[in-house]
Amino acid sequence: MTIGKSLPSVRSASAGRTDGVPPSAPPPRNRAVPRRAAGGRRAEQLAPFVLVAPAVLILVLLRLWPLALGVNFSFTGDGDRDGAMVGFANYVDLLHDPLFRQALRNVGLLVLLLPVAVAIPGLLATFIYLRVPGHRFYRSVYFFPAVLSPVIVGAIFNLLLSFDGPVNVVLSSVGIGPVDWLGDPDVAMFAVVGVHVWATFGMALVVFLAGFATLDAALLDAARVDGASLAQVIWHVIIPSLSRTIQFVFVTTMIGMLTSMFGLLYVMTSGGPEGSTYLPEYYIWIQQGRMNRPALASAASTVLFVIMLVVGLVQLKLLRRAGRED
């Protein structure tokens, strides 16, 4: 009994003993540090959204919202039906308009000529990167047309390509008959596209040179040591290494060909001869500015946007597949 009664006293005594060592107190609970750390993590997570928000807001207000308004306006009528919803009547009118069908055929021609428009600055940038004699002079000369106004370029080539102009004089001197560059429906579109490529390939050249700055020079040295020809170096080394740059140039060149040729068309051919050089952007201007049919012009703009979106996505898919195969 005495032993059992003494156990509590022993426990209490042992609990109160310190043996010269002060009992360890529990750490103070400071809730400010965890809250401050949580707030810092939350700020880091929100920082990218805050930085991107102004650009997104500008894009929505100046691009996406007008685009949505234009698409909605394309379903309304013109003239007596101004503001009334007409459904797909404007799109049906587009399909029955021979000028718009010709514009769509010219879009197909531009898509077929797009690889040529990309290959020209790509090859010239390759020669400049390989430091051919006079490469610095060529770099400045190639970029010079990009700073000229399309109106000035069109006026210059109107003189050069006229029926009795310098180009036909040179052709006649070598036994080739004069060509009606701007008056023949089968030739005019190719002439305008060629002038556009000459006037704008300087920007693509700059993009390619920027891509070459990221190219590993050791790959080129290894190809030269292995005895690869220039064509083999371009196909097996340069093109795979610049796949991202090529994709970017393809898309931007396509957008430029579909939306930046109005100045040349207006000055050089005005859509002629016989509507053979019509493009959607020129057709849109005619319907809006001369025919006073803004709803039909909005429908044509929507069709042009869909064409650019589809062609761009298809191009990116094909280029990425080719890059994976390489």
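This is a predicted model: local features need pLDDT of at least 70, side-chain atom pairs count only at pLDDT 80 or more; totals for chains, interfaces and linings use all residues.
Trainee: Quick one to start: is F88 buried or exposed?

Mentor: F88 is exposed, with a relative accessible area of 59%. Exposed means over 50% relative accessible area, buried means under 20%, and partly exposed is in between (1.4 Å probe, protein chains only).

Trainee: And how should I read the numbering and the model itself?

Mentor: Residues are numbered from 1 along each chain as its sequence is written.

Trainee: Got it. What about Y91, buried or exposed?

Mentor: Y91 is buried, at 15% relative accessible area.

Trainee: How many aromatic pairs are there in the whole structure?

Mentor: A search finds 15. Rings of Phe, Tyr and Trp (its six-membered ring) pair if their centres lie within 6.5 Å; planes under 30 degrees apart are stacked, over 60 edge-to-face, and the rest tilted. For F88 and Y91, the ring centres are 6.0 Å apart and the planes are at 55°, so this pair is tilted.

Trainee: Why is the pair of F262 and Y282 called tilted?

Mentor: Their planes are at 35°, with the ring centres 5.7 Å apart, so that pair is tilted. F262 lies in helix α12 (residues 262–268) and Y282 in helix α13 (residues 280–290), so the pair ties together parts that are 20 residues apart in sequence. F262 is partly exposed at 25% relative accessibility, whereas Y282 is buried at 0%.

Trainee: Which residues do ring pairs link into a cluster?

Mentor: F262, Y266, Y278, Y282 and W285.

Trainee: Zooming out, how many helices and strands are there?

Mentor: The protein chain has 14 helices and zero strands. Those are DSSP runs numbered from the N terminus: helices are H or I with at least four residues, strands are E with at least two. Of the 326 residues in the chain, 32% are buried.

Trainee: New topic: how many cavities of 30 Å³ or more turn up?

Mentor: The search of the whole structure finds one. A cavity is a set of points, on a 1 Å grid over the protein atoms alone, where a 1.4 Å probe fits but cannot get out; lining residues have an atom within 4 Å of a point. The largest cavity has a volume of about 40 Å³, the volume being the space filled by probe spheres set on the points, which are joined across faces, edges and corners.

Trainee: Which residues line the largest cavity?

Mentor: V107, L110, V111, L114, M254, M257 and L258. The elements giving two or more residues to that lining are α4 (98–129) and α11 (243–259), and α4 gives the most, with four. The lining has seven nonpolar residues, no polar and no charged. Here Ala, Val, Leu, Ile, Met, Phe, Trp, Tyr, Cys and Pro count as nonpolar, Asp, Glu, Lys and Arg as charged, and the others, Gly among them, as polar.

Definitions and conventions
Side-chain values use heavy atoms; hydrogens and water are left out. On a 1 Å grid over the protein atoms alone, a cavity is a set of points where a 1.4 Å probe fits but cannot get out, and a pocket is an open set with protein on both sides within 12 Å along at least five of seven lines; lining residues have an atom within 4 Å of a point.
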